[in-house]
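Subject: Structure handover

Dear colleague,

Please find the sequence and structure below.

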Amino acid sequence: MIYPYYDAKPEIHKTAFIADYVTITGDVTIGEKSSIWFNTSIRGDVAPTRIGNRVNVQDNSVLHQSPNNPLIIEDDVTVGHQVILHSAIIRKNALIGMGSIILDRAEIGEGAFIGAGSLVPQGKKIPPNTLALGRPAKVVRELNENDLKEMARVRREYVEKGQYYKARLESVGGSSFPTD
């Protein structure tokens, strides 16, 4: 479901895949070839949410904000299943592991990997190209070449998967994307 909130209406690029049972409301922008997976909620009714190109937000995730604190997700980010993102900045090529929570004004550096189930508290900054995990999340090491290759594989496969689903829906006359 796509809902306006007062004068703010979601802007979703025509190449994005929006799965069934996703709710997007208010001041939300979603870029090219991004994919928003089943049962995800993205509310832009407090501050803006900006989602870049080729971002995948996986099933059952919740994205929201606090007043005057937008949620910004740069290009080529992977957001795992059941993640909560709240007024944070996620830099390009980062991966947020399943079940993680990233809170207000936290910043996840470019190419960083947040391990599954982690909690990144308010205002915490995770450096680029590092692995951080735990509750609260702590940096445990620099990422290696194998980590970076695996993160790139996941990003690539989610772009391909989202485009496949989008093409299949359109080929049978259905679409999860608003056509107005």
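The side chains of Asp27 and Arg50 form a salt bridge, with N and O 2.8 Å apart; the term stands for a side-chain nitrogen of Lys or Arg within 4 Å of a carboxyl oxygen of Asp or Glu. This pair connects distant parts of the chain, since Arg50 lies in strand β6 and Asp27 in strand β4, 23 residues apart. Strands here are DSSP runs of E with at least two residues, helices are runs of H or I with at least four, and both are numbered from the N terminus. Arg50 counts as partly exposed because its relative accessibility is 32%, and Asp27 is also partly exposed, at 26%. On this scale buried is under 20% relative accessible area, exposed is over 50%, and partly exposed is in between (1.4 Å probe, protein chains only).

This is a predicted model, in which local features need pLDDT of at least 70 and side-chain atom pairs count only at pLDDT 80 or more, while totals for chains, interfaces and linings use all residues. Residues are numbered from 1 along each chain as its sequence is written, and side-chain values use heavy atoms, with hydrogens and water left out.

Other salt bridges

The salt-bridge count comes to 11. One of them joins Asp45 and Arg43, whose closest N and O atoms are 3.0 Å apart. Arg43 is partly exposed, at 35% relative accessibility. Another joins Glu157 and Arg153, with 2.6 Å between the closest N and O atoms. These two residues are separated by about one helical turn, because they are 4 residues apart in helix α1. Glu157 is partly exposed at 32% relative accessibility, and Arg153 is partly exposed at 27%. There is also a network of salt bridges that links Glu74, Arg91, Glu107 and Lys125. In general, side chains of opposite charge can pair when their charged atoms come close.

Strand pairing

Strand β4 (residues 23–30) runs parallel to strand β1 (residues 2–3), and 2 bridges join them. Two strands are taken to pair if DSSP finds at least two bridges between them. Within that pairing, Tyr3 is opposite Thr25 of β4. Strand β2 (residues 11–12) also pairs with β4 in the parallel sense, over 2 bridges, and here Ile12 is opposite Ile30 of β4. Between β4 and β6, which run parallel, there are 7 bridges. Gly26 is opposite Gly44 in β6.

Thr49

What is the place of Thr49? Thr49 sits in strand β6, which covers residues 41–51. With a relative accessible area of 0%, Thr49 is buried. Its side chain makes a polar contact of 2.7 Å with the side chain of Gln65. A polar contact is a pair of N or O atoms within 3.5 Å; within protein, one must be able to donate a hydrogen and the other to accept it, and residues adjacent in sequence count only if both atoms are side-chain atoms. Residues up to four places away in sequence aside, Thr49 touches Asp27, Val28, Thr29, Ile42, Arg43, Gln65 and Leu71, where contact means heavy atoms within 4.5 Å.

Asp147

Asp147 belongs to helix α1 (residues 145–171). Asp147 counts as buried because its relative accessibility is 16%. Apart from neighbours within four places in sequence, Asp147 is in contact with Arg141 and Glu142.

Regards
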